[in-house]
Amino acid sequence: MIRFASAMDEALAEARRAAERGEVPVGAVITDPSGAIIARAHNRTRSDRDPTAHAEMLAIRAAAQALGSERLTGCTLWVTLEPCAMCAGAIAHARLARLVYAAPDPKGGGVEHGARVFAQPTCHHRPEILGGIGEVEAARLLSDFFALRRG
């Protein structure tokens with residue numbers, strides 16, 4: 001249980017870094033089968049001027065480089081918000097074993113909402129999914145961020 005808390009705490013720290021930089025506060029880490037963090041990232045869509053620079057995509061890229069493989073077999077992605085359809089597709093292609101996310105995203109999620117990528121018959125890999133770990137903190141970061149933007 002300590003790994004659950006520490007890995008999601010690290011993802012939440014990444015989300016706070018995103019917010020400090022004016023990015024939507026989403027953070028992600030990837031752990032290897034032993035539980036060690038091999039990649040970490042936060043949203044950088046605005047700073048990178050890249051619509052694909054979601055925390056999950058950046059963490060997947062970094063983990064693939066760290067392992068020297070496009071397959072992240074046995075690894076777990078920890079992310080503070082339910083991944084969108086684009087990120088869910090990347091999770092499937094990377095063959096991540098597990099997806100652990102904090103807050104659900106009824107508007108833009110692609111896992112348990114919206115496209116439900118892993119439920120599609122064309123999805124070749126379905127990770128184990130666990131939602132709600134760190135949900136309160138992640139939801140607070142998001143609501144505080146958008147409340148400041150609305151003025």
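**The sheet and its surroundings**

Analyst: The protein chain has five helices and five strands. The model is predicted. Along the sequence, the elements run α-β-β-α-α-β-α-β-β-α.

Strands in a sheet are joined by backbone hydrogen bonds, in a parallel or an antiparallel sense. Strand 1 (residues 27-31) pairs with strand 2 in the antiparallel sense, over five bridges. Within this pair, Val-29 has Arg-40 of strand 2 as its bridge partner. The two strands form a hairpin, with five residues between them. Gly-35 sits in that turn and has a positive phi of about 100°.

Strand 1 also pairs with strand 3. The sense is again antiparallel, over four bridges. Here Thr-31 stands opposite Thr-76 of strand 3.

How well covered is strand 1? Five of its five residues are buried. In a regular strand, side chains alternate between the two faces of the sheet. In strand 1, Gly-27, Val-29 and Thr-31 point one way. Ala-28 and Ile-30 point the other way. Both sets are buried.

Next comes the parallel part. Strand 3 and strand 4 pair in the parallel sense over five bridges. Val-79 has Tyr-101 of strand 4 as its bridge partner. Strand 4 then pairs with strand 5, also in the parallel sense, over four bridges. Leu-99 stands opposite Ile-129 of strand 5 in this pair. Strand 4 is mostly covered, with five of its six residues buried.

How is strand 3 connected to strand 4? Helix 4 (residues 85-94) lies between them in a β-α-β unit, and the unit is right-handed. Helix 4 is itself mostly covered: seven of its 10 residues are buried. Those buried residues are Cys-87, Ala-88, Gly-89, Ala-90, Ile-91, Ala-92 and Ala-94. They pack against helix 3 (55-67), strand 3 and strand 4.

Arg-95 comes just after the helix and takes a positive phi of about 60°. Arg-95 belongs to the loop between helix 4 and strand 4. Is Arg-95 buried, exposed or partly exposed? The cut-offs are under 20% relative accessible area for buried and over 50% for exposed, with partly exposed in between. Arg-95 has a relative accessible area of 24%, so it counts as partly exposed.

What does Arg-95 touch, beyond its neighbours within four places in sequence? Its contacts are Arg-71, Leu-72, Thr-73 and His-125. Thr-76, the residue opposite Thr-31, is 19 residues from Arg-95 along the chain. The C-alpha atoms of Arg-95 and Thr-76 are separated by 9.8 Å.

Finally, the setting of the sheet in the whole chain. Of the 151 residues, 45% count as buried. Among contacts between residues at least 6 apart in sequence, 57% join residues at least 24 apart. The C-alpha trace spans about 45 × 35 × 30 Å along its principal axes. The radius of gyration is 14 Å. A compact globule with 151 residues would have a value near 15 Å, so the two agree. The chain exposes about 7,700 Å², and carbon and sulfur atoms supply 54% of that area.

Strand 1 pairs in the antiparallel sense with strand 2 and with strand 3. Strand 4 pairs in the parallel sense with strand 3 and with strand 5.

Methods:
Residues numbered from 1 in each chain as written. Predicted model: local features only at pLDDT ≥ 70, side-chain atom pairs only at ≥ 80, totals over all residues. Heavy atoms only, no water. Pairing = 2+ DSSP bridges. Buried < 20%, exposed > 50% of the residue type's maximum accessible area, 1.4 Å probe, protein only. Right-handed = clockwise from strand over helix to strand, strands pointing away. Rg over C-alpha atoms; globule rule 2.2 N^0.38 Å. Contact = heavy atoms within 4.5 Å. Areas by Shrake-Rupley, 256 points an atom, 1.4 Å probe, with all protein chains shown as cover.
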